[in-house]
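Trainee: Could you take me through this structure and show me where its labels come from?
Mentor: Gladly, let's look together.

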Amino acid sequence: MSETQSGRNRAVITGLGAVTCLGGGVEGLWEGLLAGRRGLSEFAKFDPTGLRNSLCGQVRDWAFTPAEFGLHEAPDEAAQFLLVAAAEAIADAGLSERLHAGAERRPEVGLCIASNFAGAVSWEQYLPSVLAKEPSLEQFAQFSFGNALSLCRDVFGAAGPASQLSMACASGTACIGLAAELIREGQAEVVIAGGYDSLAASPLSGLSLLRTITDDDLYPFSANRSGTLFGEGAGVLIVESLQHARARGARCYCEVLGSWQNNNAYHLTAPDEGGAGMARVLAGALGKAGVAPERVAHINAHGTGTEYHDVAETQAIKSVLGAAAYEATVVSIKGAISHLMGAAGSVEGIVAALSMFHQVVPPTVNYGEPDPECDLDYVVDGRREQRIDYAASISAGIGGDNACIILGRAD
Amino acid sequence: MESTATDNRVVITGAGPITSVGIGREDFLEGLAEGREGVGPSERLADTGAFIAVAECFDFAAEDFLVSKKTYLDRCAELVLCSCILALQDAGLDYQQIDSERLGISLGTAFGCLESMTNHSARVQAKGVRFGSPMIFTHTMANAPTSIACIEYGIRGPAATWCAGSASGACALEFALRRIRDGDADIMLAGGADALSSVLLAGLSPDSGIVPGEGACMLVLEPREGAVARGAWILAELVSVSVTGSAGDKHATIPAYGHTFGATVPLELCAGLTVENAGRTLRIELAADEFGLRGPGATAVIVCGDGP
């Protein structure tokens, strides 16, 4: 594999880190998914009375040690998830000696992070302080979007290009694609990319009232699906130039070939007819990647388990891949870890990268009854070994935002 | 995706500033030149906390610009929707005449829709999770203004929302520059917006020395060749944008229209697009600002070459 393509650097994934309800970082996530394990539990963070469901993908037994990150105090919870996942990804990439608390600042290391609700837990604490006329400036700073970006920059000494996105539940996928663009353009040698979010009462209230949350269980792509369940966590990927990775003998999970992000331009909450926006995002990403649609062997789908979404996504995949859609495997991991909002796409990107690296795909956990309208190969009978040369990971979010990345083998 | 750009040069052909000193590019530049007063007590907010004077867009009424009536809009979304229209008009473009899949948007907003977040969350906190507002909730998200603009103007090309504190608008411009340069879109609306709200002012330190302001500034970016072909008036060429965390501790001068957070860089850029500056390289360094509300600061360097 040549180190450049059309004069541009190639972006490979060299490190992975995850905080999910399955626990145990990336290994716990991957092993759990392959085994068909579910990490959901009853809400413990706040009283779920009044929500349509008391099940969620909350991170359990959480312990954060500020000193490990050179911090005096623990930051907002969602930022904690991000920092821990980032540290795991950096270690996995073999970069801990360069990127750690107190290390020299690295202008060749960039950041591209994303969140739907940012410091949602801090917001819940800030608002009462305002209403009580004793506003907590500290809580406001912890809530704000830039907070985690500043923290990552300081904690890991990443002094290169830095940006933060918020594209609802498409956030975590978009940031991987954009990190790869920074690498391809030569703006950075290494980019720490990832999404993060934590469960809080206000977003959950809204998602419940919109009936996005099921009152039953999360059954992706199934006839008996009736909504999704939400969770929290973070997914971080180290995206690196192939040249830089090779020079230091790093392991490459896969290459990020291209990405696209758009909006349905249709409705704030309803998917558009036939999944047209998702079809455009998949086609757009394939175009950027220079990959023919029929060569996509695996898709890590958004697959939320909501009535409208899963059929729209299925239609979108079929409209872009044509007959090849029936040859591809299409997996939703949300039945196992729930919908991680802004972190969803990053964690799904990690799973797609591991699927490419190991050439094995996890099953769609908690698949229910077959739906004639959702008629693709959702890998419902356990893990499957599969030859995958090209894979896609798709996300979609409230507001009609979509993002898609195309991955290729790194060998 | 079809690529229409061949020489990879990207130009700015329109701007839609909305500030306390002027609305629309000409009025904004006049306001700056005249030294128009943009700072005073808020007319809209019941509580401005420790801030006696703010830079509110006093003369801004969304109805003046919107094509259709809206049931509910956050102030930030209003600013974005109207700034898009102003920018397109300034560029001599009608969104209905642009291929919707070749029209994109990239918005930077440091705080998004805080007023709507407050409206929703206060209900949740007072009465419980069953009593939030599903309608308002959809308007609370930081990407909502972008989404609403996409729906309103049929924007089906590349879309992104950036929330990186006061560097947000610079991130948005960088993304848009790349989309045009790569031939992913024919027209990109790119810029920033932030709205004043009581809940924002309560969270800012009065000791910071800033005058909190609100405003928006979307710019129209397009390939130079396309702009020349349609006879557009080219304000400047956008050569490069970089946003890094390597800034020093320099404090930027607060402009007459206040500190506008995510709109800072696009507004400074718009203010710099004057006859006197034509052909010069504009460098906008963002300091005093940071990604969030503290930290060592970010640098956004925008390089603008001359027009045609």
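**Helices, a buried residue and a chain contact**

Mentor: In a right-handed crossing, α9(A) passes α10(A). Keep in mind that this is a predicted model, where local features need pLDDT of at least 70, side-chain atom pairs count only at pLDDT 80 or more, and totals for chains, interfaces and linings use all residues. Residues are numbered from 1 along each chain as its sequence is written, while chains are lettered from A and ligands numbered from 1 in the order in which they are written.

Trainee: Why is α9(A) called oblique to α10(A)?
Mentor: Helix α9 (residues 276-289) of chain A and helix α10 (residues 307-321) of chain A pack at an angle of about 40°. Under 35 degrees counts as roughly parallel, over 145 as roughly antiparallel, 65 to 115 as roughly perpendicular and the rest as oblique. The angle of about 40° therefore makes the pair oblique.

Trainee: What makes L178(A) buried?
Mentor: L178(A) sits in helix α6 of chain A. A residue is buried with 20 or more other C-beta atoms within 10 Å of its own, exposed with 12 or fewer, and partly exposed in between. L178(A) has 28, so it is buried.

Trainee: How many residues of chain A are in contact with chain B?
Mentor: There are 57, facing 56 residues of chain B; contact means C-beta atoms, placed from the backbone, within 7 Å. On the side of chain A that touches chain B, α7(A) gives the largest share, 7 residues.

Note on methods:
Axes fitted to C-alpha atoms, helices over the stretch in contact; angles between N-to-C directions. Helix = DSSP H or I, 4+ residues; strand = E, 2+ residues; numbered from the N terminus. Left-handed = near helix turned anticlockwise from the far one by under 90°. Contact = placed C-beta atoms within 7 Å.
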